[in-house]
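Here are my notes on the model, point by point. Please read them with the structure open.

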Amino acid sequence: MKRLISSAFLALCLMAPAAVQAQPAGQSSSESKSLLQMLFPPSDNYNKFRRSDKSPIKRKVISFTENHPVGTIIIDTSDRRLYHVIKPGKATAYGIGVGRDGFTWQGKNKITRKAEWPGWTPPQVMRDRVKRQEGRVLPAYMEGGPDNPLGARAMYIGSTIYRIHGTNQPWTIGQAMSSGCIRMANEDVIDLYNKTDVGTRVIVRQ
């Protein structure tokens, strides 16, 4: 019996170093940062929400008296809401994240492409700006997936560099933090994606 206990203790001792080696020296898992966290630093709500596909601003159907065809997407960057007209007099309102100061824009266009779990190619001007201002080097391309800044879905606006896209970082919803793209929680962007076709009219206003 003693020999059996000694053998088990020895096995545990041999296994312990492997578990320790799995964590980089001098760095805990809470200290490591993803590309998403570096691009969009957490707000005071970080500890409340953490990573999640749910939005802190619940989508809802509202009365909408503006005269737009059914299916039209109206993005109000001042209100930080996206309105999707679902029938005359009604629209679904979604909470969104918008461009920070100096990166807001307005105009009319159409959805020209849709993608599920899209890859991300940061514009060169963005890569240059981040390197110059922050000393960080963004990748030339990043495969789609949970850690990709474009989230679960993306809808591309005209021939611009702007998109309506998802995120699993809910603290960015309702904030002005992006470089001009419109950000939605993954659950919301999937909901809108499934109801939107290529060719859908998009109006962006301030």
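1. Start at Trp 105. This residue is buried, with a relative accessible area of 16%. The classes are these: buried means under 20% relative accessible area, exposed over 50%, and partly exposed in between, with a 1.4 Å probe and protein chains only.

2. Basis of the notes. The model is predicted; local features need pLDDT of at least 70, side-chain atom pairs count only at pLDDT 80 or more, and totals for chains, interfaces and linings use all residues. Residues are numbered from 1 along each chain as its sequence is written, and side-chain values use heavy atoms, with hydrogens and water left out.

3. The aromatic pairs. There are two in the structure. (Rings of Phe, Tyr and Trp, the last by its six-membered ring, pair if their centres lie within 6.5 Å; planes under 30 degrees apart count as stacked, over 60 as edge-to-face and the rest as tilted.) Trp 105 and Tyr 162 are stacked, because their ring centres are 4.6 Å apart and their planes at 10°. Trp 105 sits in the loop between strand S5 (98–99) and strand S6 (107–116), and Tyr 162 in the loop between S7 and strand S8 (163–167), so the pair ties together parts that are 57 residues apart in sequence. Helices (H or I, at least four residues) and strands (E, at least two) are DSSP runs, numbered from the N terminus.

4. Confidence. pLDDT is the predictor's confidence in each residue, from 0 to 100. The chain mean is 82, and 76% of residues reach 70 or more. Residues 1–32 have pLDDT below 50, and this stretch has five contacts beyond near neighbours in sequence. A contact means heavy atoms within 4.5 Å. Residues 42–49 also stay under 50; here the model has nine contacts beyond four places in sequence.

5. Overall make-up. The protein chain has five helices and eleven strands. Of its 206 residues, 42% count as buried. Of the contacts between residues at least 6 apart in sequence, 68% join residues at least 24 apart.

6. The cores. Which residues have the most contacts inside the largest nonpolar core? They are Ile 75, Leu 82, Ile 164, Met 184 and Leu 192, in a core of 19 residues. (A nonpolar core is a set of buried Ala, Val, Leu, Ile, Met, Phe, Trp, Tyr and Cys residues joined through side-chain atoms within 4.5 Å.) Elements giving two or more residues include strand S2 (73–76), strand S10 (182–185) and strand S11 (201–205). H5 gives the most, with three residues. A second, separate core has nine residues, among them Met 126, Val 130, Met 142 and Leu 150.

7. Ile 75. Leaving out residues up to four places away in sequence, its contacts include Leu 82, Ile 96, Ile 164, Ile 182 and Val 204.

8. Gln 206. This residue is in the segment after S11 and is partly exposed, at 45% relative accessible area. Beyond four places in sequence, Gln 206 touches residues including Asp 76, Thr 104 and Trp 105. The Gln 206 side chain makes a polar contact with the side chain of Thr 104, at 3.1 Å. (A polar contact is a pair of N or O atoms within 3.5 Å; within protein, one must be able to donate a hydrogen and the other to accept it, and residues adjacent in sequence count only if both atoms are side-chain atoms.)

9. Lys 58. Buried or exposed? Lys 58 is exposed, with a relative accessible area of 73%.
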